[in-house]
Amino acid sequence: MSKAEQPAHTGSGPFFERRYWVDVQHPCQPAAELLQHIKCHLPEYSPDLLADFEKKQGAAGNLQVGDEFRIKILGPGTERCA
């Protein structure tokens, strides 16, 4: 954990949990195939200028319950992860 990060249990005020979703318009695959592709390639479904994804826990190339990502939300004055 970097010095800029703070575990929820050490903070004060409300704890925010974020939920993200993917909106696919006009898919060219059946739903099961599309879901499998999203699970294997999750960062590809976020615009490059919006966020950087780094998987911290879980197998690469798949998404399972309990996996953990570090998601850096980008904005003005924010540098991309190397």
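The legends below describe several views of one predicted protein model. Residues are numbered from 1 along each chain as its sequence is written. Because the model is predicted, local features need pLDDT of at least 70 and side-chain atom pairs count only at pLDDT 80 or more, while totals for chains, interfaces and linings use all residues, and side-chain values use heavy atoms, with hydrogens and water left out.

**Figure 1. Overview of the chain, with one helix and two strands.**
Along the sequence, these elements follow the pattern α-β-β. Helices (H or I, at least four residues) and strands (E, at least two) are DSSP runs, numbered from the N terminus. Of the 82 residues in the chain, 9% are buried; buried means under 20% relative accessible area, exposed over 50%, and partly exposed in between (1.4 Å probe, protein chains only). The accessible surface of the chain is about 7,200 Å², and carbon and sulfur atoms account for 55% of this surface. Accessible areas come from the Shrake-Rupley method with a 1.4 Å probe, and for residues only the protein chains shown count as cover. Contact means heavy atoms within 4.5 Å. Among contacts between residues at least 6 apart in sequence, 20% join residues at least 24 apart.

**Figure 2. The aromatic pair formed by F53 and F69.**
A search of the whole structure finds one aromatic pair. The ring centres of F53 and F69 are 6.0 Å apart and the ring planes stand at 85 degrees, so the pair is edge-to-face. The pair links distant parts of the chain, with F53 in strand 1 and F69 in strand 2, 16 residues apart. Rings of Phe, Tyr and Trp (its six-membered ring) pair if their centres lie within 6.5 Å; planes under 30 degrees apart count as stacked, over 60 as edge-to-face and the rest as tilted. F53 is partly exposed at 24% relative accessibility, and F69 is partly exposed at 23%.

**Figure 3. The salt-bridge network of E54, K56 and R70.**
A salt bridge is a side-chain nitrogen of Lys or Arg within 4 Å of a carboxyl oxygen of Asp or Glu. By this rule, the structure has three salt bridges. E54 forms one of them with K56, the closest N and O atoms being 3.7 Å apart. E54 also meets R70 in a salt bridge, at 3.5 Å from N to O. This second pair links distant parts of the chain: E54 lies in strand 1 and R70 in strand 2, 16 residues apart. E54 is partly exposed, with a relative accessible area of 34%, and R70 is partly exposed at 26%. K56 counts as exposed, because its relative accessibility is 52%.

**Figure 4. The salt bridge between K55 and D67, and the setting of E68.**
The closest N and O atoms of K55 and D67 are 2.9 Å apart. K55 is partly exposed, with a relative accessible area of 25%, and D67 is partly exposed at 21%. E68 lies in strand 2 (residues 68-73). E68 and K55 are 13 residues apart in sequence, yet their C-alpha atoms are 6.0 Å apart in space. Leaving aside neighbours within four places in sequence, E68 is in contact with E54, K55, K56 and Q57. E68 is partly exposed, with a relative accessible area of 42%.

**Figure 5. S46 in the loop between helix 1 and strand 1 (51-57).**
S46 is buried, with a relative accessible area of 11%. Apart from its neighbours within four places in sequence, S46 is in contact with A51 and F53.

**Figure 6. A nonpolar surface patch made of Y20, L50 and I73.**
Together, Y20, L50 and I73 have about 310 Å² of accessible area. Patches are made of residues with over 30% relative accessible area and no salt bridge; like charges are joined within 9 Å, and nonpolar side chains (Val, Leu, Ile, Met, Phe, Trp, Tyr) within 5 Å. Y20 is located in the segment before helix 1 (31-40). Y20 is exposed, with a relative accessible area of 51%.

**Figure 7. The cysteines C28 and C40.**
A disulfide is a covalent bond between the sulfur atoms of two cysteines. With a disulfide defined as a pair of cysteine sulfur atoms within 2.5 Å, the structure holds zero disulfides. C28 counts as exposed at 81% relative accessibility, whereas C40 counts as partly exposed at 26%.
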